[in-house]
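The sequence and structure come first, and the description follows.

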Amino acid sequence: MAQDSASSDAVTPNSVSPAPTGQNQMSYGDYLRLDDVLNAQQCRSPDHNEMLFIIQHQTSELWMKLMLHELRAAIAAVAKDELASAFKMLARVSKIMEQLVHAWDVLATMTPPEYSAIRPYLASSSGFQSYQYRCIEFALGNKNPAMLNPHAHRPDLYALVEKSLAAPSLYDEALRLLARRGLALKSTDIERDWRTPYVSSASVEAAWLTVYRNPQQHWDLYQLGEELTDLEDAFRLWRFRHVTTVERVIGFKRGTGGTGGVSYLRKMLDVVLFPEIWKIRTDL
C-alpha cells in the first residue's frame, strides 16, 4: 500500500508547469539576480576577446567571495574548538581553489595579440587591486601592511582589508588551539601583533612534531595539520597557474597596476604559509 501511495503522489515531468511570478513567488532568474549578473559585462574595447577577460575575472571574484565566506567561518570554528565544522569548510576552500586553477586554462586561450588589443582599455586597473584576494592572503597568514595601499582610493574597501590584516589568521588560530590542548608554545607564538608577518618558531615546530609522531593521541590536531597542508598545496597550484598564464599572455611586460608582472608573481611562489607543517616532513 505504501508503494501504491507513493506512486499515486508522484509527479511526472510532463505534469510540471512553470510557476508564475507573483508577489509571493520567485523565479529562477529573480532568485539569482540574473539581470544584474548577466548585464555586468560592459566591454570597453571593440575586441571580441574582452568578454572572456571580463567573465574570467568576475567569476573568479565570485569564487573568492565564497572562499572568504568559508575561510572566515573556518577560522571562527577553530577558535571555538569546533574542528569537524572547520574541516568541512577548509576542504571546500581547497576545492574552490581547484576551480580557480582550472579557470586559468580558459584565460590561457587568449593569445598575446588578443590581449594587446584590449590592454589599452584596462587603464591602470589590475588584479593586484582585488580586495577580496588580499583578504584571502591575510586570512591565510601572508600579512603585509603595505598591501593596504592599493585600496587607499576606497575608504570602505580599505577598512575591510585593514580589518583582515588586524585579525588572527587561520594559522594563528590553529596555533592557539595547539596551546589550549596543552602543547608547549611560547607566549609570543600565540599572542602577538596580528598585523605582522608570521615568523617560524622552534616551539611551534616541536608542537607539530608531537602531533605527527602521535597521530592517534592527537587525531583531530593531526587532521587539522593535513587540512592545512591540503589548503596550502591547492593555493600554491593556484599561484603557479596564475604565473604561467600571465607569462604566456604578456611575457615579462609590467602589469597594468604598475607591478613587475611575472617577476612579482614568481616571488609570491616562495611564500610559505604554514612553515612548520612543511618543515616537519623532513624531521619525521
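Contact here means heavy atoms within 4.5 Å. The structure is a predicted model, in which local features need pLDDT of at least 70, side-chain atom pairs count only at pLDDT 80 or more, and totals for chains, interfaces and linings use all residues. Residues are numbered from 1 along each chain as its sequence is written, and side-chain values use heavy atoms, with hydrogens and water left out.

Cys135 belongs to helix H7 (residues 131-139); helices are DSSP runs (H or I, at least four residues) numbered from the N terminus. Its relative accessibility of 1% makes Cys135 buried, where buried means under 20% relative accessible area, exposed over 50%, and partly exposed in between (1.4 Å probe, protein chains only). Apart from neighbours within four places in sequence, Cys135 has contacts with Leu68, Arg72, Leu160, Val161 and Ser164. Between the C-alpha atoms of Cys135 and Met64 the separation is 9.5 Å, the two residues being 71 residues apart along the chain.

A nonpolar core is a set of buried Ala, Val, Leu, Ile, Met, Phe, Trp, Tyr and Cys residues joined through side-chain atoms within 4.5 Å. The largest one has 71 residues, and Leu71, Leu140, Leu170, Trp208 and Trp238 touch the most other members. Helix H5 gives the most to this core, with 12 residues. Not counting residues up to four places away in sequence, Leu140 touches residues including Leu71, Met97, Leu170, Phe235 and Phe274.

Trp208 is also one of the buried residues of H11, among them Val204, Glu205, Leu209 and Tyr212. H11 has 12 residues and spans 16 Å from its first C-alpha to its last, close to the 16 Å expected at 1.5 Å a residue; the expected span is 1.5 Å times one less than the number of residues. The cover over the buried residues of H11 includes helix H9 (170-180), helix H10 (187-190), H12 and H14.

**Salt bridges**

Side chains of opposite charge can pair when their charged atoms come close. With a salt bridge taken as a side-chain nitrogen of Lys or Arg within 4 Å of a carboxyl oxygen of Asp or Glu, the whole structure has 18 salt bridges. Three of these pairs are tabulated below.

| Pair | N to O distance |
|---|---|
| Arg241 and Asp105 | 2.9 Å |
| Lys279 and Glu205 | 3.2 Å |
| Lys279 and Asp283 | 3.0 Å |

Arg241 is in helix H12 (residues 219-250) and Asp105 in helix H5 (residues 83-107), so this pair ties together parts that are 136 residues apart in sequence. Asp105 is partly exposed at 36% relative accessibility.

Lys279 is partly exposed, with a relative accessible area of 40%. Lys279 and Asp283 are 4 residues apart in helix H14, so about one helical turn separates them. A further group, Asp81, Arg180, Arg181 and Asp220, is linked in a network of salt bridges.

**Surface patch**

Met26, Tyr28, Tyr31 and Leu32 make a nonpolar surface patch of about 520 Å². Patches consist of residues with over 30% relative accessible area and no salt bridge, with like charges joined within 9 Å and nonpolar side chains (Val, Leu, Ile, Met, Phe, Trp, Tyr) within 5 Å; accessible areas come from the Shrake-Rupley method with a 1.4 Å probe, and for residues only the protein chains shown count as cover. Met26 sits in the loop between helix H1 (2-9) and helix H2 (28-32), and Met26 is exposed with a relative accessible area of 57%.

How values were computed:
Helices (H or I, at least four residues) and strands (E, at least two) are DSSP runs, numbered from the N terminus.
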